[in-house]
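This report describes a protein model by its pockets, its cavities and its sheet. Please keep the sequence and the structure in view while reading.

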Amino acid sequence: MPISSSPAIRVSHLTKRFGAQLVVDDLSFDVAQGETLVLLGPSGCGKTTLLKTLNRLIEPDGGTIELNGSDVRRQAPEALRRGIGYVIQQVGLLPHYTVAQNVAVVPGLLGRPAAETTARTTELLERLHLPAARFAAMLPAQLSGGQAQRVGLARALAADPPVILLDEPFGALDPITRAAVRRDFRELDELRRKTVVLVTHDVQEAFELADRILLLNNGQIQQLGPPRELLRRPANDFVRSFFRAERLALEMRVTTLAEVLPFLDLDRAGLAPPAQAPTLPLTASVQEAMALLNESGAPALRLADAPATVIALGPLLAAFGQTLG
């Protein structure tokens, strides 16, 4: 979540054409310090082009981009990119470098001490469930897709950049691996201090990871706001139709247990508490509650804010249904 009112990124009147096609059309927005902004939209809407203008992999035709108050054009592109983490779907690990050497590339370019880089590499691999004793000496060809993507994320974080850009980082993974890597990404403490801009076409992924979503179509911003706002207060017909097919699952992600609680039949929900019932706060979503019940195998969960209330799956779903009207 944002940790400062001063924007980390400021985009003003940005435009980009490829020939006669206007791909980015006069876009203006800020990204707060510590915020995760997800760029979402249909194929060809301009989201990847927009992302690549932020680190000057693509040069815009007009407008400005400021990073921590400084125009990115004042830096050489190579120097700019060394201060921004970047993760892509294809990972792009150097095939003849070991895992440790891949992670250490940017710190090496920045002249960081070798011992510091080694310690940082080990720390990041451990946090991403890749024990250095096992994985540091491996080559990329020896890794699974999920392992390679974790290495790519470690490489992006290795020099401790304040901004991380991710272009469809989980798109090439199978659904099970994708969910696991996405969970590791979401839970990584390291990222809570970073400003993150992430491109995805996956609506569920956007709602899971975003503080705010910037929804694009034909190079124009259709709506910018928290996931809940886009779902429940769409700015136009495009926004409304974009989420229609997945609306029920998305409602589970934005509806909190606090909203469900008034509709609970406590005679059915208030079971005898299991010995070690998992616990969630009232701010948790219905989807988080369902996932916790599924993963734990527990018959019910306890509300941290109301410890006498224990909720089973059936009453939870019934109450959620009532919130939908």
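## Pockets, cavities and sheet

The largest pocket has a lining of 34 residues, and those that lie nearest its centre are Arg186, Glu208, Arg253, Gln287 and Glu288. The elements that contribute two or more residues to this lining are α8 (175–187), α9 (203–209), α10 (227–232), α12 (247–254) and α15 (286–296), and α15 provides the largest share, with seven residues. Helices (H or I, at least four residues) and strands (E, at least two) are DSSP runs, numbered from the N terminus.

This is a predicted model, in which local features need pLDDT of at least 70 and side-chain atom pairs count only at pLDDT 80 or more, while totals for chains, interfaces and linings use all residues. Residues are numbered from 1 along each chain as its sequence is written, and side-chain values use heavy atoms, with hydrogens and water left out.

The domain assignment gives domain 1 (9–246) and domain 2 (255–324), with bounds that come from an automatic or database domain assignment. The C-alpha centres of domain 1 and domain 2 lie 34 Å apart. Because both domains give residues to the lining of the largest pocket, this pocket lies between them.

The two pockets and two cavities described here are set side by side in the table. On a 1 Å grid over the protein atoms alone, a cavity is a set of points where a 1.4 Å probe fits but cannot get out, whereas a pocket is an open set with protein on both sides within 12 Å along at least five of seven lines; lining residues have an atom within 4 Å of a point. Grid points are joined across faces, edges and corners, and a volume is the space filled by probe spheres set on the points.

| Space | Volume |
|---|---|
| Largest pocket | about 1,400 Å³ |
| Second largest pocket | about 450 Å³ |
| Largest cavity | about 50 Å³ |
| Second largest cavity | about 40 Å³ |

For the classes of lining residues, Ala, Val, Leu, Ile, Met, Phe, Trp, Tyr, Cys and Pro count as nonpolar, Asp, Glu, Lys and Arg as charged, and the others, Gly among them, as polar. By this division, 17 nonpolar, six polar and 11 charged residues line the largest pocket, while the second largest pocket is lined by 13 nonpolar, three polar and three charged residues.

Of the 19 residues that line the second largest pocket, Arg81, Ile84, Tyr86, Val106 and Arg155 are the closest to its centre. At least two residues of this lining come from each of α2 (77–82), β6, α4 (105–109) and α7 (145–157), and β6 gives the largest share, with five residues.

The structure holds two cavities of 30 Å³ or more. The lining of the largest cavity consists of Thr53, Arg56, Glu59, Pro60, Gly63, Thr64, Ile65, Val72 and Arg73, divided into three nonpolar, three polar and three charged residues. Strand β4 (residues 62–67) gives the most to this lining, with three residues.

Six strands form an open sheet with mixed pairing, in the order β6-β7-β8-β3-β9-β10, where two strands pair if DSSP finds at least two bridges between them. Strands β6 (84–88) and β10 (220–225) stand at the edges with a single partner strand each, so one side of each is left without a neighbour in the sheet. Within the sheet, strand β3 (residues 36–40) and strand β8 (residues 195–200) pair in the parallel sense over five bridges, and valine 38 has leucine 198 in β8 as its bridge partner.

Two loop residues other than glycine have a positive phi. Asparagine 68, in the loop between β4 and β5 (70–71), has phi near 50° and counts as partly exposed at 41% relative accessibility. Histidine 129, in the loop between α5 (114–127) and α6 (132–135), has phi near 60° and counts as exposed at 53% relative accessibility. Buried means under 20% relative accessible area, exposed over 50%, and partly exposed in between (1.4 Å probe, protein chains only).
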